[in-house]
Amino acid sequence: MEKKEFLYEGKAKKIYATDDPDKVIVYYKDDATAGNGEKKGTIADKGIINNELTSYLFEMLASQGVKTHFIEKLNDREQLCWKLDIVPLEVITRNIIAGSMAKRLGLEEGTMPKKMIQEFSYKDDELGDPLINSDHAVAIGAATEEEVAEILEVTAKINQILSDAFKKEGILLVDFKIEFGRDKDGNLLLADEITPDTCRLWDAETKKKLDKDRFRRDMGGIEEAYKEILHRITKK
Ligand code: C5P
């Protein structure tokens with residue numbers, strides 16, 4: 001597979017074309033941002049850790065019937081993936097109340113909700129990724145009614161698989177964000193990444209934060225936390 005021209009740079013990854021028009025190379029950077037890009041920094045080896053962890057988790061999800069964009073890990077920082085038309089929605093699942101939900105509703109972090117929460121943010125940096133509901137998502141043409149239903153169903157399945165996998169290693173999956181895209185035939189595939197950048201992960205015993213909140217909140221011990229998650233999940 002030949003790497004061709006640079007296509008797009010996001011906050012944590014770069015995308016390159018390949019000699020196959022249906023496939024792209026995803027390159028994982030060490031760059032870290034928070035607060036919609038207001039806070040910037042780098043986390044040593046984050047790209048290597050996040051590539052390894054996403055490759056592992058996407059293969060695990062695929063083995064349990066979840067369709068994903070992941071084809072293969074190419075090297076430390078790169079994956080070969082199906083080229084997608086990204087659905088402009090951040091799909092967030094919350095098993096424990098934290099982060100923006102705790103703040104918005106004046107709730108204490110760590111509160112158990114009476115049910116699992118699924119929410120959408122509209123992916124738009126200028127607007128600051130506003131929280132929207134399913135009707136908004138369909139009304140603005142971000143996804144069709146059928147796609148919204150499928151996204152929510154597949155996301156609930158992903159939550160179950162991931163929560164179980166993390167729980168086995170003594171980690172609570174507090175919340176996470178995923179994204180979907182359409183392949184050339186219009187199939188919805190899981191895209192983007194599943195990493196400590198996009199999940200809140202707490203040690204089940206001590207409730208120690210093992211995710212990007214350590215960067216967002218200047219808590220230190222960031223690389224160690226990312227490495228610990230990788231090690232507990234993949235044994236690497
Ligand atoms: O900030 P908030 O509480 O809404 O985040 C919920 C979850 O979604 C967290 O796990 C966070 O890491 C993730 N997230 C993300 N990218 C964003 C916003 C949130 O990965 N742009």
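A residue is called buried if 20 or more other C-beta atoms lie within 10 Å of its own, exposed if 12 or fewer, and partly exposed in between, with C-beta atoms placed from the backbone. Helices (H or I, at least four residues) and strands (E, at least two) are DSSP runs, numbered from the N terminus. The model shown is predicted: local features need pLDDT of at least 70, side-chain atom pairs count only at pLDDT 80 or more, and totals for chains, interfaces and linings use all residues. Residues are numbered from 1 along each chain as its sequence is written.

**Figure 1. Overview of the predicted protein.** Six helices and 14 strands make up the secondary structure of the protein. The C-alpha atoms fill a box of roughly 50 × 40 × 35 Å along the principal axes. The radius of gyration, taken over C-alpha atoms, is compared with a globule rule of 2.2 Å times the number of residues to the power 0.38. For 236 residues a compact globule would have a value near 18 Å, and the 17 Å of the protein agrees with this. Of the 236 residues, 33% are buried. Two residues are in contact if their C-beta atoms, placed from the backbone, lie within 7 Å. Among contacts with a separation of 6 or more, 53% join residues 24 or more positions apart. The mean of pLDDT (the predictor's confidence in each residue, from 0 to 100) is 98 for the protein, and 100% of its residues reach 70 or more. The predictor assigns the complex an ipTM of 0.97 and a pTM of 0.98.

Figure 2. Helix H4 (145-168) has 24 residues and reaches 35 Å from its first C-alpha to its last, close to the 34 Å expected at 1.5 Å a residue. The expected span of a helix is 1.5 Å times one less than its number of residues. Val148, Ile151, Val154, Thr155, Ile158, Leu162 and Phe166 are the residues of interest in this view, as they are buried in H4. Just after H4, Gly170 takes a positive phi of about 75 degrees.

Figure 3. The 13 residues of helix H6 (residues 222-234) should span 18 Å at 1.5 Å a residue, and the end C-alpha atoms are 18 Å apart, which agrees. Ile222, Ala225, Tyr226, Ile229, Leu230 and Ile233 are the buried residues of H6. They lie on the same side of H6 because they cover an arc of only 135 degrees around the axis; the arc is that of the directions from the helix axis to the C-beta atoms. An α-helix has 3.6 residues a turn, so residues three or four places apart point the same way. On the other side of H6, Glu224 and His231 are exposed. The buried residues of H6 pack against helix H1 (46-63), H4, S14 and helix H5 (213-216).

Figure 4. Trp202 belongs to strand S14 (residues 199-203). This residue counts as buried because it has 22 C-beta neighbours inside 10 Å. Leaving aside neighbours within four places in sequence, Trp202 is in contact with Leu172, Val174, Lys207, Lys208, Lys209 and Leu210. Ile229, 27 residues apart from Trp202 in sequence, is 9.8 Å apart from Trp202 in space, C-alpha to C-alpha.

**Figure 5. Helix H1.** The end C-alpha atoms of H1 are 25 Å apart, in agreement with the 26 Å that its 18 residues should span at 1.5 Å a residue. The buried residues in H1 include Ile49, Leu53, Leu57, Phe58 and Leu61.

Figure 6. Most residues other than glycine have a negative phi. Asn36 has a positive phi near 55 degrees and sits in the loop between strand S4 (31-34) and strand S5 (39-42). Asn36 is exposed, with 12 other C-beta atoms within 10 Å. Lys235, in the segment after H6, has a positive phi near 65 degrees. With 8 C-beta neighbours inside 10 Å, Lys235 counts as exposed.
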